[in-house]
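Work through the exercises below with the model open beside you. Try each task before you read its solution.

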Amino acid sequence: MSNFEPTKNHLREVLLFLFNSKESAAASHRMLQKTYGEHAPSIKSCEYWFRRFRSGDFDTSDKERPGQPKIFEDEELKSLLDQDACQTQDELAKSLNVDRTTISKRLKALGMIQKQGNWVPYELKARDVERRFFVCEQLLQRQKRKGFLHRIVTGDEKWIRYDNRKRKKSWGLPGHTTLSSPRPNIHGSKLMLCIWWDQLGVIYYELLKPNETITGDRYRLQLMRLSRALKDKRPQFRERHDKVILLHDNARPHVAQPVKTYLETLKWEVLPHPPYSPDIAPSDYYLFRSMEHTLAKQSFRTYDETKNWIDSWIASKDAEFFRRGIRLLPERWEKVVENDGQYFQL
């Protein structure tokens, strides 16, 4: 059977046999799947043929029908799209043995439109999906038992480019010449911003010098400075005897052994964060996204110009801005759980 590929008519005749054997459409679908695997028709297709048989139509062949396609053809089209919504009109036409124009008209009549797929950060493997689901489910349950968002301090790194120009738009009559803009140099000067914040605002940040980047030892020193800044700016942690909950991702410097050892001496809790999950990291889904929007059209020439812009940007944000970024976390955890660990769309 491994080399046998059943034709559509063969499968329909098998369905007719199962119908006459008093099997249900669902049971017939399971039998065909077990026997023919990927060649088996969908459950919707099986139900469609059973409806035809019950109406007294036992003809399993395709019929030529003049004029507008009938409802049953739409059912078959829907069934094909249920199996694979990414099929082209040519592929659908070939499967249904009609021309492409017919497919185009029926898709339009059904209200079907084609949408461009979204890019996602990574191609998640099964274990990544499981970890995302498990971690988010646990965090949601914990938040429901006793809220802890006010204790979260989160941070990450972002490259700030000197040249952030965008293409210009201009009004004009059809056929007018648009304004030209030179492309920004993607290999041009850039500085790494390392920033930590909570629901009250920015606690500490560093803008590294040109060509500097993060290592495990460097990150450990930054955490030491963050700890001092917390004692100065957030005395409530000491007054309430609350532990700081650090939320950072699994970048190599963040999980280096010197960093782990130092965090143990601080007695901070490190919040579980599944790999490949920028969609549940507040800096990625909120802080940096807002910053990137404001960076558009900005152009810097020096380190000091860049740092002054960052200071101004931080000062322009009120406490509600930062509070919202943290308070969105449960909603995002819930979305991960609802999507069984996969990436989600908001």
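Buried means under 20% relative accessible area, exposed over 50%, and partly exposed in between, with a 1.4 Å probe and protein chains only. Helices (H or I, at least four residues) and strands (E, at least two) are DSSP runs, numbered from the N terminus. This is a predicted model: local features need pLDDT of at least 70, side-chain atom pairs count only at pLDDT 80 or more, and totals for chains, interfaces and linings use all residues. Residues are numbered from 1 along each chain as its sequence is written, and side-chain values use heavy atoms, leaving out hydrogens and water.

**Exercise 1.** Find how enclosed strand S1 is.

Solution. Take residues 152–161. Eight of the 10 are buried, so S1 is largely enclosed by the rest of the structure.

**Exercise 2.** Work out the strand order of the open sheet.

Solution. Two strands pair if DSSP finds at least two bridges between them.
- Start at S1: it pairs with S2 (residues 190–198) in the antiparallel sense, over eight bridges. Asp156 has Ile195 as its bridge partner in S2.
- S1 also pairs with S4 (residues 245–247), parallel, over three bridges. Here Ile152 partners Ile245.
- S4 and S5 run parallel, joined by two bridges. Leu246 stands opposite Val270 in S5.
- The order of the five strands is S3-S2-S1-S4-S5, with mixed pairing. S3 (201–207) and S5 (269–270) are the edge strands, each pairing on one side only.

**Exercise 3.** Is Ser227 buried or exposed, and which residues does Ser227 touch?

Solution. Locate Ser227 in helix H8 (residues 216–233). Its relative accessibility is 8%, so Ser227 counts as buried. Contact means heavy atoms within 4.5 Å. Not counting residues up to four places away in sequence, Ser227 touches Tyr262, Leu266 and Trp268.
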